[in-house]
Amino acid sequence: MVAQIVRETVDLGNYTLTRVMRQLDGACGWLSMDGCPIIREICDSGVRGGGIRELGNSARELHLYEEGKGKTTAPVISNHDFVVCKIFVGAALAHDFHDFAFAAHRQVPESSLVLELLFLCCYCWRQVRGVKASSDRIEDQEQLYIMGELEIEKHAQYINNLEKKKDFESMVMEHLRMSGAYWGLTTLDLMGKIEDVDQEVVVSWVLQCQHDCGGFSGNVGHDPHILYTLSAVQILALLDKLDVIDADKIASYIMGLQQEDGSFAGDEWGEIDTRFSYCAICCLSILHRLDKIDVGKATQYIASCKNFDGGFGCTPGGESHAGQIFCCVGALAISGALTHVDRDLLGWWLCEREVKTGGLNGRPEKLADVCYSWWVLSSLIMIDRVHWISKEKLKNFILDCQDREHGGISDRPDDAVDVFHTFFGVAGLSFLEYPGLKPIDPAYALPVHVVDRIFFGKPHKQ
């Protein structure tokens, strides 16, 4: 029966998984129904035709086919049980999160066979992901890396411990503590760990950083800047505390930073950068005060920073860079002005940022960096071109940058971790729909439930 289920799950063949069998064989004694033979049946099978990724689609198609047309009922279990088993086995072999989610939402019958197959497939999925495949055995497939899972508990512990650190690193980052707080708190929310934070202490500190002009500084005793003003507003939005600030006062501060050509200065000293255009538009939108600035001029200035390659720079004529592209595309998306973007041309430039390791860089000939998992992915999502890159390879790259012992994520494997890359790594995995992470909005850089609450008054459903 089990052999029949496995064989009929998908079209199996050339690429065998016998190496996985050796890892699984000794761990299957807990199965009550001939665990080892089941494992051998799965592992001696393999993938023919389109390869591993196609198995997930096969599982979904099998479900739709059998739900619509029916099939010969297996002698031991019902037709529905049979379909569910095949979906789970197919999803396990495909190590495809989406198909596990799809199958899990089905009504699983209370059949010991189905339940045991479910547990088996979950275990298989973990092991299959941990086996590095030979590139000469898989055509047109991403290389499988030994990544393991996202260390949510350790990352949460790492972020919560940052406040207690009084080392050199914390001192040199004192001036941008507001942004650090935003990165850390948003990461905790995405991982479902925001309740670990004393929110009253956070709100009190944020308010201490506001100046009479309405802007916020990076820390108490520092000068106000539009970068930290956005971070402060994002933190308060995250904690549902926007009512403690004077939105008009903040809007007045930002309005005073807009220049005649539509650009924005970062502070009173006058530096111009498209980063600041994004900060202004995003912040005012969150506060429902976007009408306080000349949005038309703002978007025209951003459009003037577009280059021949479809990308955007920090000022007109500036080199295209993934970080600046996010700022420009995000500002245009919030303003409803994405018509200024050549989606195919920009999409090509962005997808070219993918390197052999699966990671993304910020501009040509640079090393991959976890932070571009945010800058590039968010932009690709906003212009509807995210399917142009290999999501699986990127996911593996991010997971490989974790410090599995102490928590945190680094820019690339084996480097020192920091809260900046931890946020962008987790946010990138959220875009990739990693299980257990809340979705994040690509334009506002806040969890989707927060954005829904701001604009639609929707309560967050746990």
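Trainee: Is Gln 324 buried or exposed?
Mentor: Gln 324 counts as buried, because its relative accessibility is 12% (buried means under 20% relative accessible area, exposed over 50%, partly exposed in between, with a 1.4 Å probe and protein chains only). Keep in mind that this is a predicted model, where local features need pLDDT of at least 70, side-chain atom pairs count only at pLDDT 80 or more, and totals for chains, interfaces and linings use all residues. Residues are numbered from 1 along each chain as its sequence is written, and side-chain values use heavy atoms, leaving out hydrogens and water.

Trainee: What does the side chain of Gln 324 make a polar contact with?
Mentor: One partner is the side chain of Thr 274, at 2.6 Å. Another is the side chain of Asp 273, at 3.1 Å. A polar contact here is a pair of N or O atoms within 3.5 Å, one able to donate a hydrogen and the other to accept it; residues adjacent in sequence count only if both atoms are side-chain atoms.

Trainee: Switching topic: at what angle do H10 and H11 pack?
Mentor: Helix H10 (residues 177-190) and helix H11 (residues 199-208) pack at about 150°, with axes 11 Å apart. That makes H10 roughly antiparallel to H11 (angles over 145 degrees, on a scale from 0 to 180 between N-to-C directions).

Notes
Helices (H or I, at least four residues) and strands (E, at least two) are DSSP runs, numbered from the N terminus. Angles under 35 degrees count as roughly parallel, over 145 as roughly antiparallel, 65 to 115 as roughly perpendicular and the rest as oblique.
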